[in-house]
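I opened this entry to record what I looked up, residue by residue and helix by helix. The structure goes in first, my notes after it.

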Amino acid sequence: MRIKALREAAGLSQRELGARIGVSGPAVAQWETGENRPSLNNLEKLAEVLETTTDAILGRDPAC
């Protein structure tokens, strides 16, 4: 997953990103380290907040 790179490119902290999608900063940290994965619902929220696609977050978009 490319959450960290996309979050940093958006200029957001883990806490800020979490607040925008309704989860804690530590939850975002777990997604970024691969310790946990976002639910489908949270993946869709991530894509909306980060202005990208779910495929880009998952690393499936060759343009990213």
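Which residues does Leu 43 touch, not counting those up to four places away in sequence? I listed Pro 38, Thr 54, Ile 57 and Leu 58 as the contacts of Leu 43. I note here that the model is predicted.

**Core**

I next looked up the largest nonpolar core, and it has 12 residues. Its members are Ile 3, Leu 6, Leu 12, Leu 17, Ile 21, Val 28, Trp 31, Leu 43, Leu 46, Ala 47, Leu 50 and Ile 57. Two or more residues of this core come from each of helix 1, helix 2 (14–21), helix 3 (25–33) and helix 4 (40–49). Helix 4 gives the most, with three residues.

**Trp 31**

I then took one of the core residues, Trp 31, which sits in helix 3. Leaving out residues up to four places away in sequence, I found Trp 31 touching Ile 3, Ile 21, Val 23, Asn 36, Arg 37, Pro 38, Asn 42 and Leu 46. Pro 38 is also among the contacts of Leu 43.

**Arg 7**

Is Arg 7 buried or exposed? I placed Arg 7 in helix 1 (residues 3–9). The relative accessibility of Arg 7 is 7%, so it counts as buried. A polar atom of the Arg 7 side chain lies 2.8 Å from the backbone oxygen of Leu 12. Beyond four places in sequence, Arg 7 touches Leu 12, Ser 13, Gln 14, Leu 17, Val 28, Glu 32 and Leu 50. Of these contacts I marked Leu 12, Leu 17, Val 28 and Leu 50 as members of the core.

**Helix 2 and its partners**

I looked up helix 2 against helix 4. Their axes come within 10 Å and cross at roughly 115°, so I wrote the pair down as roughly perpendicular. Helix 2 passes helix 4 in a right-handed crossing. On the helix 2 side I have Leu 17, Arg 20 and Ile 21, which meet Asn 42, Lys 45, Leu 46 and Val 49 of helix 4.

For helix 2 and helix 3, I noted a packing angle of about 105° and axes 7 Å apart. This pair is therefore roughly perpendicular as well. Gln 14, Arg 15, Leu 17, Gly 18 and Ile 21 of helix 2 meet Gly 25, Val 28, Ala 29, Trp 31 and Glu 32 of helix 3.

I followed up Ala 29, which is in helix 3. Ala 29 is partly exposed, at 21% relative accessible area. The C-alpha atoms of Ala 29 and Val 49 are 16 Å apart, and the two residues are 20 apart along the chain.

**Glu 51**

Where is Glu 51 found? I located Glu 51 in the loop between helix 4 and helix 5 (54–57). Glu 51 has 73% relative accessibility and so counts as exposed. Its phi is positive, about 55°, although Glu 51 is not a glycine. I set beside this that most residues other than glycine have a negative phi.

Notes: Residues numbered from 1 in each chain as written. Predicted model: local features only at pLDDT ≥ 70, side-chain atom pairs only at ≥ 80, totals over all residues. Heavy atoms only, no water. Helix = DSSP H or I, 4+ residues; strand = E, 2+ residues; numbered from the N terminus. Buried < 20%, exposed > 50% of the residue type's maximum accessible area, 1.4 Å probe, protein only. Polar contact = N/O pair within 3.5 Å; in protein donor to acceptor, adjacent residues only side chain to side chain. Contact = heavy atoms within 4.5 Å. Core = buried A, V, L, I, M, F, W, Y, C linked by side-chain atoms within 4.5 Å. Axes fitted to C-alpha atoms, helices over the stretch in contact; angles between N-to-C directions. Parallel < 35°, antiparallel > 145°, perpendicular 65-115°, else oblique. Left-handed = near helix turned anticlockwise from the far one by under 90°.
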